[in-house]
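Me: I would like to go through the labels given to this structure and ask what stands behind each of them.

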Amino acid sequence: MAKISIEGQALVVEIEGLDKLWALKSRLVIPLANVRGATADPGIVGDPKGLRAPGAHLPGVITAGTFHLNGEKVFWDVHDAAKAVVIELADERYARLVIEVADPRAAVALVEEATAVR
């Protein structure tokens, strides 16, 4: 699971627990200017992931790490599809972040509010 927050002009994604090991990341910091938006999307876990490099993927259990699909890098950290949020990015290492959060609606609202202020 991940925890998101806004620090100054940046979106901060903190990877929690053992997911740091599976995803090989503990923290992502993205300038708000590069955040296009966010949506709650439990159906995305059924979409193709692409090539995993590096990370972990055990269908129905965990998808974590960097995945390469159609020339894009996507960061995943999801156990529970019902709590999946997709954050679209521009001009960043990743084209999108697909993360599990405790409250998807609150996470989407936080991102949308922060990006509307810019």
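Me: Which residues form a nonpolar patch on the surface, and what is their accessible area together?

Reply: This is a predicted model. Leu18, Leu21 and Trp22 form the nonpolar patch, with about 330 Å² of accessible area together.

Me: What makes Leu21 count as exposed?

Reply: The relative accessibility of Leu21 is 51%. The label exposed needs over 50%, so Leu21 counts as exposed. Leu21 is found in helix H1, residues 19–23.

Me: How do you know that S1 and S2 pair, and in which sense?

Reply: Two strands pair if there are at least two bridges between them. S1 and S2 have 6 bridges, so they pair, and the sense is antiparallel. One of the residues concerned is Glu7, whose bridge partner in S2 is Ala10. The hairpin of S1 and S2 has 2 residues between the strands, and Gly8 takes a positive phi there, near 65°.

Me: What makes S2 and S3 a pair?

Reply: Strand S2 (residues 10–15) is joined to S3 by 5 bridges. The rule asks for at least two, so S2 and S3 pair as well, and they run antiparallel. Val12 stands opposite Val29 in S3.

Me: In what order do the strands form the sheet, and why is one side of S1 and of S3 left without a neighbour?

Reply: The sheet is open, with 3 strands in the order S1-S2-S3 and antiparallel pairing. Strand S1 (2–7) and strand S3 (27–31) each have a single partner strand and stand at the edges, so one side of each has no neighbour in the sheet. From one strand to the next the twist averages 20°.

Me: Why is the contact of Arg27 with Glu14 called a salt bridge?

Reply: The closest N and O atoms of Arg27 and Glu14 are 2.3 Å apart. The limit is within 4 Å, so the contact qualifies as a salt bridge. Arg27 lies in strand S3 and Glu14 in strand S2, so the pair ties together parts that are 13 residues apart in sequence.

Me: What makes Arg27 and Glu7 a salt bridge?

Reply: For Arg27 and Glu7 the closest N and O atoms are 3.3 Å apart, and with a limit of 4 Å the pair therefore counts. Glu7 lies in strand S1 and Arg27 in strand S3, so parts that are 20 residues apart in sequence are tied together. Glu7, Glu14 and Arg27 are linked in a network of salt bridges.

Me: How many salt bridges does the structure hold?

Reply: The structure holds 4 salt bridges. Among them is Glu88 with Arg96, the closest N and O atoms being 3.3 Å apart. At 29% relative accessibility, Glu88 counts as partly exposed.

Me: How many aromatic pairs are there, and what makes Phe67 and Trp76 edge-to-face?

Reply: The count is 2 aromatic pairs. In one of them, Phe67 and Trp76, the planes are at 70° and the rings lie 6.5 Å centre to centre. Edge-to-face needs over 60 degrees, so the 70° pair takes that label. Both Phe67 and Trp76 are buried.

Note on methods. Residues are numbered from 1 along each chain as its sequence is written. This is a predicted model: local features need pLDDT of at least 70, side-chain atom pairs count only at pLDDT 80 or more; totals for chains, interfaces and linings use all residues. Side-chain values use heavy atoms; hydrogens and water are left out. Helices (H or I, at least four residues) and strands (E, at least two) are DSSP runs, numbered from the N terminus. Axes are lines fitted to C-alpha atoms, for helices over the stretch in contact, and angles run from 0 to 180 degrees between N-to-C directions. Rings of Phe, Tyr and Trp (its six-membered ring) pair if their centres lie within 6.5 Å; planes under 30 degrees apart count as stacked, over 60 as edge-to-face and the rest as tilted. Buried means under 20% relative accessible area, exposed over 50%, partly exposed in between (1.4 Å probe, protein chains only). Patches are made of residues with over 30% relative accessible area and no salt bridge: like charges are joined within 9 Å, nonpolar side chains (Val, Leu, Ile, Met, Phe, Trp, Tyr) within 5 Å. Accessible areas come from the Shrake-Rupley method with a 1.4 Å probe; for residues, only the protein chains shown count as cover. A salt bridge is a side-chain nitrogen of Lys or Arg within 4 Å of a carboxyl oxygen of Asp or Glu.
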